[in-house]
Amino acid sequence: MKEIIKWLFFKIGLMRIFHQFRNKKTLTIIMLHRVLPDKQALEQGADLEWTISPELLDSIIVFAKKYYNFISLQQLQSWQSGQGILPDRALLLTFDDGWADNYGYALPIVKLHKVPAVIHQVSDCIDNHAFLWQEQLTILAKLDLLLFDELLTKLELKVNSLSEAIFEIENNVEKRNNLIKLLPTLFPLAQKMMLNSDELIKMQSQGFSLSSHGKTHSKLSLLSQSELQKELSESKKSLEKICKQKVTSISFPHGGVNTQVIQESICAGYQTLFSSQSIINLLVDGKKLFGRIHLSAENCKENNCFSSKKLSFFLFYRTKKTEVDMQCMK
Ligand SMILES: [Zn+2]
């Protein structure tokens with residue numbers, strides 16, 4: 001019964017009218033990660049929660065063009081500095097991490113639809129494909145390719161599980177650096193997994209704005225002040241060298257943000273800060289920190305097909321907030 005009412009509400013256009021009024025003066029930011037055809041996603045051991053197919057990305061963009069007005073990062077930043085206005089029901093499309101599939105599969109679709117997008121890039125991943133090491137170890141284990149005992153011996157670890165190994169490595173810079181050196185031999189496929197600088201430059205010239213996602217993809221809220229400052233300043237410097245422009249925005253890896261992370265980010269020269277709190281942003285003067293909505297295939301599909309109705313109900317009713325709630329962040 002509930003589904004029939006939902007269907008009717010959507011079919012006769014009430015959903016659209018509701019959205020037009022309720023979300024008029026808001027900014028919705030979509031957060032995506034990997035874009036891979038289903039077969040390749042399985043072959044590469046991609047985490048399906050964070051992976052959508054190119055067809056699904058196409059449908060999401062078509063949907064968003066119908067119900068929202070796309071904006072670029074530059075438009076958002078002009079509005080922040082009081083020099084521009086944003087359209088009603090503004091929408092910003094963002095991709096996190098810097099996966100090579102964003103070049104192969106997301107870029108052609110973004111170009112086709114002539115919409116702006118943002119790539120939040122982990123700077124140590126560029127031209128050095130082994131740095132998202134936590135994800136790569138998890139993928140190796142999932143594909144049954146991880147020689148766990150060999151890994152323990154080579155890194156001199158005394159643990160019983162992969163999660164314990166990851167925890168130990170996260171807390172030991174030397175072991176982490178050794179692992180990063182080892183990964184290309186453990187996992188040759190990983191060498192093609194992340195974007196290189198040529199691809200980033202091409203993406204930048206074709207509608208993508210470049211933004212930071214930290215230096216090493218560490219959770220910034222867990223770092224010491226000096227480590228935090230290093231993450232913020234060095235990632236900014238590396239990206240600016242590649243894109244030959246100022247980089248003044250950052251999305252926080254693993255959503256990890258607290259007051260100190262915000263203060264240090266602003267001190268390091270970041271003007272626009274993106275969290276992973278799943279809210280619609282109400283626009284108020286002086287706003288620096290924005291929430292983003294993670295979209296998975298699950299949120300957009302019904303009976304294995306894209307569903308505008310399902311995505312409408314997922315997006316349009318979401319909580320609207322002026323402030324991102326720090327308590328939600330780890
Ligand atoms: Zn990330």
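Start in this predicted model with helix 7 and helix 9, whose crossing is right-handed. Select residues 133–142 for helix 7 and residues 162–170 for helix 9, and you will have two helices that pack at an angle of about 160°, with their axes 11 Å apart. Angles over 145 degrees count as roughly antiparallel, which makes helix 7 roughly antiparallel to helix 9.

Next, show the side chains where the two helices touch. On the helix 7 side, select Trp133, Gln134, Leu137, Thr138 and Ala141, which meet Leu162, Ile166, Ile169 and Glu170 in helix 9. Coloured by class, the residues of this contact between helix 7 and helix 9 divide into 6 nonpolar, 2 polar and 1 charged.

The largest pocket has a volume of about 590 Å³, and 22 residues line it, of which Glu170, Arg176, Ser218, Leu223 and Glu227 are the closest to its centre. To see which elements surround the largest pocket, display helix 7 and helix 9 together with helix 10 (173–186) and helix 12 (225–243), as these are the elements that give two or more residues to the lining. Colouring that lining by class gives 6 nonpolar, 8 polar and 8 charged residues.

For the residues in contact, select Gln225, Leu228, Gln229 and Leu232 in helix 12, and then Gln260, Val261, Glu264 and Ser265, which they meet in helix 13. By class, this contact of helix 12 with helix 13 divides into 3 nonpolar, 4 polar and 1 charged.

Now move to the two ends of the numbering used on this tour, and select helix 1 (residues 2–11) along with helix 15, the latter being residues 308–316. Helix 1 and helix 15 pack at an angle of about 95°, with their axes 10 Å apart, and that angle makes helix 1 roughly perpendicular to helix 15. Show the side chains of Glu3, Lys6, Trp7, Phe9 and Phe10 in helix 1, and you will find them meeting Ser308, Lys309, Ser312 and Phe313 in helix 15. The contact of helix 1 with helix 15 has 4 nonpolar, 2 polar and 3 charged residues.

The structure holds 1 cavity of 30 Å³ or more, and about 60 Å³ of space lies in the largest cavity. To outline the largest cavity, select Ile30, Ile60, Ile61, Phe63, Ala64, Tyr68, Phe70, Leu91, Leu93, Leu295, Leu311 and Leu315, which line it. Helix 4 gives the most to the lining of the largest cavity, with 4 residues. Finally, colour the lining of the largest cavity by class, and you will see 12 nonpolar, no polar and no charged residues, whereas the lining of the largest pocket has 6 nonpolar, 8 polar and 8 charged.

Notes: Residues are numbered from 1 along each chain as its sequence is written. This is a predicted model: local features need pLDDT of at least 70, side-chain atom pairs count only at pLDDT 80 or more; totals for chains, interfaces and linings use all residues. Side-chain values use heavy atoms; hydrogens and water are left out. Axes are lines fitted to C-alpha atoms, for helices over the stretch in contact, and angles run from 0 to 180 degrees between N-to-C directions. Angles under 35 degrees count as roughly parallel, over 145 as roughly antiparallel, 65 to 115 as roughly perpendicular and the rest as oblique. A crossing is left-handed if the near helix is turned anticlockwise from the far one by less than a right angle, and right-handed if clockwise. Contact means heavy atoms within 4.5 Å. Ala, Val, Leu, Ile, Met, Phe, Trp, Tyr, Cys and Pro count as nonpolar, Asp, Glu, Lys and Arg as charged, and the others, Gly among them, as polar. On a 1 Å grid over the protein atoms alone, a cavity is a set of points where a 1.4 Å probe fits but cannot get out, and a pocket is an open set with protein on both sides within 12 Å along at least five of seven lines; lining residues have an atom within 4 Å of a point. Grid points are joined across faces, edges and corners, and a volume is the space filled by probe spheres set on the points.
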